[in-house]
Amino acid sequence: MSNALSFTDEQAMILDSAREFCREKSPVPAVRAQLSSDSGFDATTWEEMVALGWPALAIPEEFGGAGLGFGSIVPIAESMGRALLSTPLFSATLAAQAILRGGSSSQKEQWLPQIAAGTPATVALLDGGDWGATRTTCTATRNGDSVTLSGEKWYVADAGVASLFVTWCELDGSSALVVVEQGHLGADAIQPHRLLDETKRAAKLSLDGVSVPAGNVLEANLEVNLEVNSADGVLRDLHLLGALLLAAEATGSTGACLDTVVDYLKTRKQFGKLIGSYQALKHPTVDILCGLDAARSLIYHAATLLDDAAADAELDRDIEIACRMAKAQAVDALTFAGDRAVQFHGGMGFTYECDAQLYIRRAQHAQQQFGDAWHHRKRLAGLLLDTAA
Amino acid sequence: MNSAVDAPSQRELDDFRSQVAAWLKDNKPADPGFLLPQTFMEVGSDQQLDFLREWQHKLWSAGYLGMAWPKEYGGQGVPAVFQVIADAEMRRAAVPIAFNVIGLGWAGPLILHRGSEEEKQKYLKNILSAEDIWCQGFSEPDHGSDLGNVQTRAVRDGDDYVVNGTKIWTTMGNYAKYMILLARTNPNAERKYDGLSFFLSPMQVDGIDPRPIQKLTGEYGFTETFFTDARIPASCLMGEEGEGWKIAMQTLQYERGAEAGAAGGLMQVRVVIDDVIECLKGVTRDGQPLLEDPVIRDELVKLMIEEKAQGLSNRRAGIPALTSDYPFSLNLSGKLRSSEYARRMRKFAVAAQGAHGGLYVEDADALDAGFWQRAYLNNFSTTIGGGTSQIQANIVGEHVLGLPK
């Protein structure tokens, strides 16, 4: 099992500038200003992120991207998490990865430059609440030069602003990834969820009656090109990359949550003493730090491995282990941190005004995205304990 | 120590590695049929002592211990990288520990770096050969972590110092020939630290009485050491009177691995989660292999994630860009994280065994000869000794997070 962990000067620069950008653009009042907005993010901030080239980072240069490894997104995701900054960046990044890993050259030509240039895109994977489902009830049916879809996708992140949706359907009895454009959708196709984490947006997506050109089915499914990964392989990789993005974001949020707790423990007095001097609060706060440290080491380990792999190669066992460990650790750490943050703020912690609510809501929401800690540990058990002879 | 030596070539190092590996393969001692100590704090019987003494002597005779120490004091006078390679091969070959740790790792480097020529001649070679076992007299019954408060008195009387007081947690105190002793020579010093002095004290002296402490495992390894009008030669004083605190702090630097100079050899047997899995392979639960039980698997994977993260964090600690938030976090929390992880892992290893977990060492049916039961209990020496986990958490909270005292 690999224990690689390295960080290039280039990544250090990305981390520095991303930190600075997110801190400046997303102080808590700016976060709170978006909690009840439709899109959940500030359009100008997103435009600036596009101008910085963030959606293009992990897209190859031949398709309009910067050609960096997927690992370069990890410091950005961590920085965004630290500032609770939500934008369609993760969704767009995953949609691009789906096309990069599952599409033909012409399909990549068609969509990747758009995403690199800032067109919001997303992935539509779940039918319900089960990240472990191996079949989908959404179907695609050939109909001459087009494909007709049916079914409903749930928890489609950033669906309200996306122009492109990479959707998981079943075509001719096997998995297929179909690119649906916003213009293909029916009038009321998008029904927003009300999410626990109010910094996030997601919706149900109705595919009933949607018809797209046959060329929108990613080539991975057509077996015309054996070099291209199978749709199930691409799906698995999307889950792992999504888990890593969420892990990096959660790690950043844990850091911010810890800072919030520490600030309060250093200023709040009870019984004539700063409450941070009480070991009943001090020691669990150290536990938050240790959980955070473990998560940080794991996300940058995964980033290191991804940067060493070819951009469109199927993710290997070490990367799978790294992404799953990172997700399990990071969301457990954030859940613990958010839970303690509310408790340690006492009566204030029970209010909407207190920032602790932002972290615990994020924690419980992030736990569920791309598989919770049990989901990943169950798969890790298979990888680590059932080594085939 | 060896200024004029050219840096060894990669080829030389590779050859050396093969040479050590081959030697270890031929010379690794056979299983003695009794449980060996995993750390130097667990030498509890003459049988164990004799075995480890013979092994360390063999290692040294072969030239694989004290490699960076000068030849005239029993070392090899080669660059430290050779010892690093030898240690890595010892770890790989899973050979027994080099048990004379207080000599090899703490007293030895101290004498090497600030001892007189006479002291170097007298002590260093016998530390390496395991001829002389060393112990440490710092902690006292009423002053566990508070070294500055040491109360053991040493009073100059002619050519001797007369020592009175009690030390505790003296590892191998009943086997040691020498002790690094911290005692108070001036009770009236303005600062309590300035009243302390440091001695390289003999142990086989009338009035020094090391009484073995029976540990929770039922075994021995430490003594409580009583000094009653014990006369030790004044020449045992290291440095000057009043320099004790400074010298003790330097010793702790070696102890914590913060300063180089240790003679090498394995200080403890490394135990990892894979060893737990290996032990549990034959265990069944509900008629099925234990390792197929979903609850057990989840617990095991939690531990595996933690172990993986510990290893990765050691690497991350060396990358400034990834430690900028809390720069000293990983270093200061290292003992807390690793000792607490080890405790939980061992606790799990016992608990997961089913009814077998209730057996203890020397029961012929115990899994791995009761290794885990004993290892779990012994592990408390790491979560208590050298500052308890609770003290460590205070240190991390106050010095890393800036929380109030």
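In the predicted model described here, the axes of α9(A) and helix α8 (residues 294–316) of chain B come within 10 Å and cross at roughly 100°, where axes are lines fitted to C-alpha atoms, for helices over the stretch in contact, and angles run from 0 to 180 degrees between N-to-C directions. The helices α9(A) and α8(B) are therefore roughly perpendicular to each other, on a scale in which angles under 35 degrees count as roughly parallel, over 145 as roughly antiparallel, 65 to 115 as roughly perpendicular and the rest as oblique. From α9(A), the residues M325(A), A328(A) and Q329(A) meet I305(B), K308(B) and A309(B) of α8(B), two residues being in contact if their C-beta atoms, placed from the backbone, lie within 7 Å. Sorted by class, this contact of α9(A) with α8(B) has four nonpolar, one polar and one charged residues; Ala, Val, Leu, Ile, Met, Phe, Trp, Tyr, Cys and Pro count as nonpolar, Asp, Glu, Lys and Arg as charged, and the others, Gly among them, as polar. Helices (H or I, at least four residues) and strands (E, at least two) are DSSP runs, numbered from the N terminus.

Residues are numbered from 1 along each chain as its sequence is written, while chains are lettered from A and ligands numbered from 1 in the order in which they are written. Because this is a predicted model, local features need pLDDT of at least 70 and side-chain atom pairs count only at pLDDT 80 or more, whereas totals for chains, interfaces and linings use all residues.

Between the two chains as a whole, 34 residues of chain A are in contact with 36 residues of chain B. On the side of chain A that touches chain B, two or more residues come from each of α1 (9–25), α7 (231–267), α8 (279–308), α9 (317–344) and α12 (373–385) of chain A. Of these elements, α8(A) gives the most, with 13 residues. The residues on this side of chain A divide into 20 nonpolar, nine polar and five charged.

Within chain A, α7(A) and α8(A) pack at an angle of about 155°, with their axes 9 Å apart, and that makes α7(A) roughly antiparallel to α8(A). Their crossing is left-handed, a crossing being left-handed if the near helix is turned anticlockwise from the far one by less than a right angle, and right-handed if clockwise. Among the residues that make this contact are L244(A), A247(A) and L258(A) of α7(A), together with L281(A), I288(A) and R296(A) of α8(A). By class, the contact of α7(A) with α8(A) has 14 nonpolar, four polar and one charged residues.

A further helix pair in chain A is formed by α1(A) and helix α4 (residues 73–82), which pack at an angle of about 20° with their axes 9 Å apart. The helices α1(A) and α4(A) are therefore roughly parallel to each other, and their crossing is right-handed. In α1(A), the residues Q11(A), I14(A), L15(A), A18(A), R19(A) and C22(A) meet P75(A), I76(A), S79(A), M80(A) and R82(A) in α4(A). The contact of α1(A) with α4(A) has seven nonpolar, two polar and two charged residues.

Chain A also holds an open sheet of three strands in the order β4-β8-β7, with antiparallel pairing, where two strands pair if DSSP finds at least two bridges between them. The edge strands are β4 (152–157) and β7 (190–192) of chain A, each of which pairs on one side only. Neighbouring strands of this sheet are turned by 30° against each other on average, direction ignored. The pairing of β4(A) with strand β8 (residues 202–206) of chain A is antiparallel and runs over four bridges, and V156(A) stands opposite A203(A) in β8(A). Strand β5 (residues 164–171) and strand β6 (residues 174–181) of chain A likewise pair in the antiparallel sense, over eight bridges, with L171(A) opposite S174(A) in β6(A). The hairpin of β5(A) and β6(A) has two residues between the strands, and D172(A) takes a positive phi near 50° there.

In chain B, the domain assignment gives domain 1 (10–131), domain 2 (135–255) and domain 3 (273–400), with bounds that come from an automatic or database domain assignment. The C-alpha centres of domain 2 and domain 3 of chain B lie 33 Å apart.
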